[in-house]
Amino acid sequence: MARPVQSVLIVGRDAAAWLTALGLFRAFGPAGVTIRVLELPSILTKADVYATLPSQQALHRLLGIDEADILRVAKGVPVLGQRFANWSGAAPPFLHAYDTQGAPFSGVEFLHYWLRAREEGMNVALEDFSVGAAAAKQGRLAIFGPETATFSRATYGYHFDAQPYVRAVRSLAQRLGIERIEGQFAGAETTRDGIQKVLLVGGESVSADLYVDATGAEAALACRMPTDRFEDWGKCLPCNRMIAATAPRLSQLPGFSQVLAHAGGWIGIYPLQTRTAVQALYDSGVVSDSEMIDALPVLSRLSIEGDAVVSGLRTGIREAWQGNCVAIGGAASMLEPLDATSLHSVHIGISTLVSLFPVDAEKMPEARIYNTSLRGHAENLRDFQLAHYHLNRRFDSPFWNKVRDVPLPPGLASRLALFGARGRVLINDNETFQEENWLSILIGHGLIPRSWDQLAGKMPQAEQIGFFQRMLGFIAKEVSGMPSIEAHMELTAPASAPQSSF
Amino acid sequence: MTNSVKNIVVVGGGTAGWMSAAALSKVMGTSQYTITLVESEQIGTVGVGEATIPMITLFNNVLEINEDDFVRATNATFKLGIEFPDWKKLGHSYFHPFGLLGVDMDGIAFTHFWLRWMKQGGNLDYSKFNAETEAARQRKFMRTAEQKVMLLPRINYAYQFDASLYAQFLRKMAEQRGVRREEGRIVKVNQAPESGMVQSLELDDGRTIRGDFFLDCSGFRGLLIEGVYKAGYHDWSHWLPVNRAVAVPCDMVEPPIPYTRATAREAGWQWRIPLQHRTGNGYVFSDQFVSEDEATMKLMSRLDGKPQAEPRLLKFVTGVRKKSWVKNCVSLGLSNGFLEPLESTSIHLVQVAIAKILAMFPRDGFDERLIERYNAEMHFEYDNVKDFLIAHYHVTERDDTPFWNYVRNMSIPDSLTEKLELFRTRGEVMAKAGELFRETSWFAVLAGQGLMPESYHPVADVISEDDLRLRLSKVRTGITERVNGMPLHKDYLETMAQGASASGPRGQGATFESATPAPAQTTGGFQGLVNR
């Protein structure tokens with residue numbers, strides 16, 4: 001008879017550790033499973049930021065993290081998308097908004113009407129038909145009624161100041177009674193079947209039925225597994241260095257993060273309530289640390305304050321679940337922080353583990369399906385990042401020429417080929433980004449399908465022009481009635497009350 | 001049937017006199033009526049009423065005054081409201097704006113929704129939901145009719161102007177419309193022996209001015225209303241104990257700001273009214289609590305610019321005539337009463353009187369019922385303004401001088417007690433129709449003075465918490481967008497002075513689009529480079 005899993009030990013740090021602890025506690029705490037955390041020293045600095053996708057809303061709801069509270073405490077702001085600038089020579093920036101574009105008509109996707117109109121001379125960007133993109137550009141929060149909901153799925157992710165975010169999640173976990181083990185991680189005793197115990201400095205040890213590695217890139221438990229093998233993705237994802245820095249708060253909070261390509265990588269700009277977080281990603285073979293730092297204020301057009309923190313980055317993947325040890329987040333797969341996916345990977349890890357939670361502490365056949373699923377997610381996310389690089393139209397530097405010509409994984413190659421041929425987005429299993437997201441970045445980067453659905457040609461041209469104008473008018477009207485992010489933040493996360501009212 | 005009232009005589013040529021003459025000549029015309037204004041250059045005008053409230057635009061519109069001409073002619077600035085520093089307590093300040101607090105929803109005032117949100121732990125000041133306050137904070141101004149953006153709140157405003165220039169402006173207009181101006185000092189008033197009606201005025205040069213209807217705009221002394229008719233005076237100095245004002249203009253030390261400042265002082269308060277070319281100042285005080293000399297000295301030591309003249313002292317008693325209209329004589333302006341300029345109501349009360357006189361114009365003679373009606377209505381106007389003014393003094397935490405101890409502890413009119421109690425218990429004073437100061441004004445002043453309601457209207461509890469926050473944030477959004485789109489007041493005035501119309505907004509500091517590029521060599525901003 002199976003011996004049920006009664007205890008879980010999470011070895012980890014920062015958001016991955018505490019989100020996982022909360023997730024497992026919410027799911028299995030009531031069933032009597034003990035969740036404990038052995039926390040490793042944080043690698044976060046004051047400059048760090050968590051940029052998240054809209055799915056973070058769902059994760060927070062699941063974990064019982066109140067939106068207004070976390071925004072206030074972690075100096076967070078909602079963001080409706082990411083704007084990509086300088087990826088395509090002189091082409092204007094585009095917005096990857098978390099929303100659909102246009103509405104289908106007579107069973108034909110909007111994209112095809114747009115392609116047809118474009119062929120007929122229309123010069124309106126696809127993103128202009130997106131409520132989310134329009135709201136993001138105006139710094140408004142896409143909150144709307146049922147009428148707009150039939151047309152748009154606009155929603156938002158967040159930027160959080162990383163250190164206070166972790167403090168808030170940790171303190172919630174501890175308030176709920178999740179035990180934080182006092183002690184310093186020293187290593188693990190492993191056999192072929194898995195971890196026997198986790199060792200602490202001073203000779204003590206902790207054991208559990210299931211171990212979770214949430215230590216990030218270090219993969220402190222996973223790397224000790226006899227079967228461990230790390231598959232390096234550095235050949236296709238070009239950046240291997242990262243700088244985190246801080247700039248002053250933007251005077252009007254924009255509704256998006258900015259992703260600026262530069263000669264040796266890209267810069268992410270993430271507005272927060274009290275400051276602006278800046279990340280520079282680059283290939284150390286192209287740009288040195290000091291060159292990058294000198295260029296950062298110029299490229300970001302922000303004045304950089306305080307310490308800038310440099311770190312290495314090694315992208316790649318490993319088998320997440322080996323024996324009785326499950327790696328979650330960066331310990332399982334590491335991507336560039338492009339597209340705000342880092343906490344999403346943690347989210348995927350948690351929810352997949354919850355649904356595949358082992359029924360037998362002695363034998364865990366769930367590992368295989370867990371690993372397939374996580375690899376699928378990671379590869380799809382990697383392909384999304386690769387698409388940005390591959391579709392770049394910068395011909396001004398060797399870095400961009402090189403990344404354009406990197407051989408693509410077959411899945412991505414066929415995905416791009418199909419889209420280029422007929423505007424159809426192939427959606428795989430374990431896909432984070434949906435059709436509208438792919439559409440947004442593919443069109444944004446200039447991959448315009450060569451043909452469109454002939455059914456879109458049935459509409460008389462005058463009627464189509466009217467159809468487009470109504471849609472644009474509707475979007476403009478809807479968006480002008482939405483609250484600004486600035487105002488939303490003042491009300492959701494108000495600063496302390498002033499002494500005077502004038 | 002012939003009109004029995006054909007000759008109208010305005011006594012006195014100050015602000016009230018010329019406002020009356022200009023309005024009557026525009027509305028009644030001078031073809032069927034003769035309008036004569038008697039004034040003496042030997043008698044100065046008081047002209048303290050340099051600040052106004054928005055209703056003045058209605059008056060100017062009736063007169064078909066071009067606003068830009070008027071602003072240029074009177075050295076006017078725009079006024080979004082009044083700042084009240086040190087009234088609640090020393091070091092505190094609040095703003096009483098023209099215009100609305102938020103947007104009324106579901107049939108109740110916005111303030112109830114704000115109060116609910118506040119009780120739940122929100123702490124964004126109510127003033128953040130008023131566009132005029134936000135614009136005043138940033139010293140911005142714009143006439144919103146010039147910008148065709150829908151859905152944004154409008155900007156309500158009045159003016160701060162040179163009252164003597166305004167009188168000159170109106171005089172020119174009135175004379176063009178046929179008003180006769182007679183220069184001379186009135187030495188004798190002749191009454192009809194039986195009826196007691198005023199028949200004529202004798203001037204110092206021996207001329208006689210005959211009239212059927214007399215408007216007494218002679219100032220504090222009330223030449224006809226008191227001098228002839230002994231109408232009597234409701235003395236309100238128990239509640240409004242200030243009885244002196246010392247006034248002096250000074251040089252500007254900064255571009256004019258779009259609001260008046262009324263700073264509480266040890267025995268009254270000090271006004272600061274920015275005009276285009278100078279700053280008007282004055283200390284309104286009670287000589288029971290500070291001597292005239294000391295008050296003058298204090299005022300002179302608290303000017304922010306070089307004084308442009310010798311300080312001028314005015315004496316008054318707060319209150320109102322028991323009757324504003326007696327027989328064929330109506331008093332307007334200072335001759336009818338004085339409620340001190342704290343809320344800039346002097347010119348407004350003249351305007352109200354003019355509107356009522358026009359509405360009840362005695363074409364065929366003087367009907368006692370009409371006169372009673374007029375007197376009752378005017379009394380109502382003064383009485384409500386009085387209560388509003390008293391609230392400024394009485395609702396306070398200040399206990400640092402005998403004056404403030406007096407006003408904080410004095411007995412107040414029952415009508416005001418009722419309002420304060422209503423406000424305390426349910427967040428509204430339930431102002432009656434026809435009262436000049438509406439809920440928004442009461443809220444701004446009472447909350448500003450430190451009286452925060454304990455509860456609010458139950459309708460505000462009906463919506464969900466998310467909906468509440470959404471509604472509040474939409475209101476706040478409209479306000480910030482409105483204000484972001486406004487130019488600075490000084491730039492707006494400059495553009496107007498050049499004869500052009502409104503200008504656009506100026507830059508706002510760092511955004512994605514307009515971030516100041518930092519030059520490459522200024523990486524000194526880095527404290528250092530550290531490894532993770």
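Colleague: How are residues and chains labelled here, and which confidence limits apply?

Modeller: Residues count from 1 along each chain as its sequence is written, and chains are lettered from A in the order in which they are written. The model is predicted, so local features need pLDDT of at least 70 and side-chain atom pairs pLDDT 80 or more, while totals for chains, interfaces and linings use all residues.

Colleague: Which residues have the most contacts inside the largest nonpolar core?

Modeller: In soluble globular proteins, nonpolar side chains tend to be buried together. A nonpolar core is a set of buried Ala, Val, Leu, Ile, Met, Phe, Trp, Tyr and Cys residues joined through C-beta atoms within 7 Å. Buried means 20 or more other C-beta atoms within 10 Å of a residue's own, with C-beta atoms placed from the backbone. Here the largest such core has 158 residues, and A:Ala21 and A:Ile328 have the most contacts inside it. Helix α1 (residues 14-28) of chain A gives the most to this core, 9 residues; helices are DSSP runs of H or I, at least four residues, and strands are runs of E, at least two, numbered from the N terminus. A second, separate core of 147 residues includes B:Val38 and B:Ile53.

Colleague: What do the buried residues of α8(A) pack against?

Modeller: Helix α8 (residues 289-300) of chain A has 12 residues. Its buried residues include A:Met292, A:Leu296 and A:Leu299. They pack against β14 (241-248), β15 (256-262), β16 (265-271) and β17 (275-282) of chain A, where contact means C-beta atoms, placed from the backbone, within 7 Å. Just after α8(A), A:Arg301 takes a positive phi of about 55°.

Note on methods: Buried ≥ 20, exposed ≤ 12 C-beta atoms within 10 Å, placed from the backbone. Expected span 1.5 Å × (residues − 1). Contact = placed C-beta atoms within 7 Å.
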